[in-house]
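Dear colleague,

Please find below the structure that I am handing over to you. My notes on it follow directly after.

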Amino acid sequence: MTSRLYVDVHVLQTVPPANINRDDNGDPKEAYFGGVRRSRVSSQAWKRATRKYFAEHNPTGSGAVRTKQIASQLAKRLDDRHRIGMEQAQRLANAVLQPLKIKPGRKAGETAYLLFFGYEQLDAIIDLFAEQIPELVELDDDTLAERLKDVDVQGRLNQGHPLDVALFGRMVADIPALNVDAATQVAHALSTHSVELEMDYYTAVDDENEQNTGAGMIGTIGFNSATLYRYATLGVHQLEKNLGDAEATDDGARLFLDAFCRSMPTGHINSYAHRTRPSLVAVIVRADQPVNLVSAFEKPVALRDGDTEGIAEKSACRLAAEHELAVRQWGDEPVFAGACHTFAPDSRAARSVEQAFGPNHTFGDLLDQLHRALRAQRENA
């Protein structure tokens, strides 16, 4: 695929009292938008939740890891495969990675920064010198480093990317050749309405304390509740470039949509049990550029006496109207539009969403529709 193609994902999701993404004070993250305070969940928090979903729904061997311990991970796989002992495995791992000149971290065996790579990429590195291992373990450190200096570690880390790396990219500031351009952009989730920080005063009882009344522990946790607008865009052309496979690209786009919509950051989840599912998922396939529709909520959604609609329903109407306005005023007719929502069939929200994005689908059907739309676009290109 040579032409640009984007999948925009617009999500409305109501979260009950929670503290799913903390700031440096331990309170829920916030932002001012449209002149009022909003609840905010950082893009990093939701990207990590999405990557964890991948890890749970992909075969273990094809997954990825982001860590400062690439040498330790490589050594572990060396020992698992060749049973040479961890000491020898660590020697070989350090020697083969040495030509990359990765800056060491403060702790022994760590790099100065997190590296994002696939487990299968580590196996591919091992394959480059696997037949020499019985001989290599007999060499001293200097001779070992000399023998392994020409192993193409960089080449192996730049091909066969797992979906996680292909989607979210990799940046190594002092080794630009290892950089991978991300295929996705994820916005900070914002509440469609104003919020106020609240404090939960809690106590814990000492079960074995029978002599004194009162709490064994007292504390406070900040929280808020919100209907969030979440947005992400996937550059299908960039994903195909990173993966090098058209069919894997279509499957990857489907899995990304599934993971992004179903995932949830887990901050304080045991205290609040805040996992919910979206009220609305709208998917737009575009051939021009990504379009974030957050401007629909620049004026915060508010409830008034006598309203029969909730915040989520009003937000859905706003989002649908913003999309229709963008199409009409800018003339950027999308390649495909589809939606899945949970609003009552005859409600104003349902009518607005279906007028803007098309008939209501089950989520599984929406995933299938996207998959078919991407395949058709490729075949017609």
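**Findings**

R66 lies in strand β4, which covers residues 64-67 (strands are DSSP runs of E of at least two residues, helices runs of H or I of at least four, both numbered from the N terminus). Please note that this is a predicted model, in which local features need pLDDT of at least 70 and side-chain atom pairs count only at pLDDT 80 or more, while totals for chains, interfaces and linings use all residues. Residues are numbered from 1 along each chain as its sequence is written, and side-chain values use heavy atoms, leaving out hydrogens and water.

R66 is partly exposed, at a relative accessible area of 44% (buried means under 20%, exposed over 50%, partly exposed in between, with a 1.4 Å probe and protein chains only). Together with R48, K52 and R275, R66 forms a surface patch of positive charge. Such a patch joins like charges within 9 Å, from residues with over 30% relative accessible area and no salt bridge (a Lys or Arg side-chain nitrogen within 4 Å of an Asp or Glu carboxyl oxygen).

The whole structure contains 0 disulfides (pairs of cysteine sulfur atoms within 2.5 Å). The sulfur of C261 has its closest cysteine sulfur in C340, 8.5 Å away, which is too far for a bond. C261 is buried, with a relative accessible area of 3%; C340 is also buried, at 16%.

Overall, the protein chain has 14 helices and 11 strands. Of its 381 residues, 49% count as buried, and its C-alpha trace spans about 80 × 80 × 35 Å along the principal axes.

With kind regards

Notes:
Patch = residues over 30% accessible without salt bridge, like charges linked within 9 Å, V, L, I, M, F, W, Y side chains within 5 Å. Areas by Shrake-Rupley, 256 points an atom, 1.4 Å probe, with all protein chains shown as cover. Lys, Arg positive; Asp, Glu negative; His and termini not counted. Charge placed at Lys NZ, Arg CZ, Asp CG, Glu CD.
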